[in-house]
Amino acid sequence: MYYYLILYFLVGILQDFLLTLNWRFIAKEKAVPAAIFSFIVTITSMLVLYNIITQLDKERSILTIIIYALGVGVGTILGIKTKISLKK
């Protein structure tokens, strides 16, 4: 019944994990990986926003946004803690 909440939580994790890695690639001036991650994050963000606006009723939308935001927070932590190799 509430499978969509788990889905939004996981998408929030994925989105901000990729966004955090994107910022790390930008900081290291790695243009191609940064562009790829930017594209994926933008598509994900727009799909989530579209689905929340068009598919959920008023009561479920609030809870979904909160769950999604929790996933985003977890994704940030994972993105920061992940070791990535950025050799020049």
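**Terms and their grounds**

Author: Thr20, at 5% relative accessibility, counts as buried. The model is a predicted one, in which local features need pLDDT of at least 70, side-chain atom pairs count only at pLDDT 80 or more, and totals for chains, interfaces and linings use all residues. Residues are numbered from 1 along each chain as its sequence is written, and side-chain values use heavy atoms, with hydrogens and water left out.

Reader: What makes Thr20 buried?

Author: Buried means under 20% relative accessible area, exposed means over 50%, and partly exposed lies in between, with a 1.4 Å probe and protein chains only. The value for Thr20 is 5%, so this residue counts as buried. Thr20 lies in helix 1 and touches Gly75, Thr76, Gly79 and Ile80, not counting residues up to four places away in sequence; contact means heavy atoms within 4.5 Å.

Reader: Is Asp16 buried or exposed?

Author: Asp16 has 8% relative accessibility and therefore counts as buried. Asp16 also belongs to helix 1. Leaving aside neighbours within four places in sequence, Asp16 is in contact with Val72, Gly75 and Thr76. In the protein chain, buried residues make up 32% of the 88 residues.

Reader: How many helices does the protein chain have, and how are they defined?

Author: The protein chain has 3 helices and 0 strands. Helices (H or I, at least four residues) and strands (E, at least two) are DSSP runs, numbered from the N terminus. Along the sequence the pattern reads α-α-α.

Reader: Why are helix 1 and helix 2 called roughly antiparallel?

Author: Helix 1 (residues 3-27) and helix 2 (residues 31-55) pack at an angle of about 150°, with their axes 9 Å apart. Axes are lines fitted to C-alpha atoms, for helices over the stretch in contact, and angles run from 0 to 180 degrees between N-to-C directions. Angles under 35 degrees count as roughly parallel, over 145 as roughly antiparallel, 65 to 115 as roughly perpendicular and the rest as oblique. Helix 1 and helix 2 are therefore roughly antiparallel to each other.

Reader: Which residue classes occur in the contact of helix 1 with helix 2?

Author: That contact of helix 1 with helix 2 has 14 nonpolar, 6 polar and no charged residues. Ala, Val, Leu, Ile, Met, Phe, Trp, Tyr, Cys and Pro count as nonpolar, Asp, Glu, Lys and Arg as charged, and the others, Gly among them, as polar.

Reader: At what angle do the axes of helix 1 and helix 3 cross?

Author: The axes of helix 1 and helix 3 (residues 58-81) cross at roughly 40° and come within 6 Å. The contact of helix 1 with helix 3 has 16 nonpolar, 8 polar and 3 charged residues.

Reader: How many aromatic pairs are found in the whole structure?

Author: A search of the whole structure finds 3 aromatic pairs. In the pair of Tyr2 and Tyr4, the ring centres are 6.1 Å apart and the planes stand at 40°, so the pair is tilted. Rings of Phe, Tyr and Trp (its six-membered ring) pair if their centres lie within 6.5 Å; planes under 30 degrees apart count as stacked, over 60 as edge-to-face and the rest as tilted.

Reader: What kind of aromatic pair do Tyr3 and Tyr4 form?

Author: Tyr3 and Tyr4 form an edge-to-face pair, with 6.4 Å centre to centre and 90° between the planes. Tyr3 is exposed, because its relative accessible area is 61%, whereas Tyr4 is buried at 8%.
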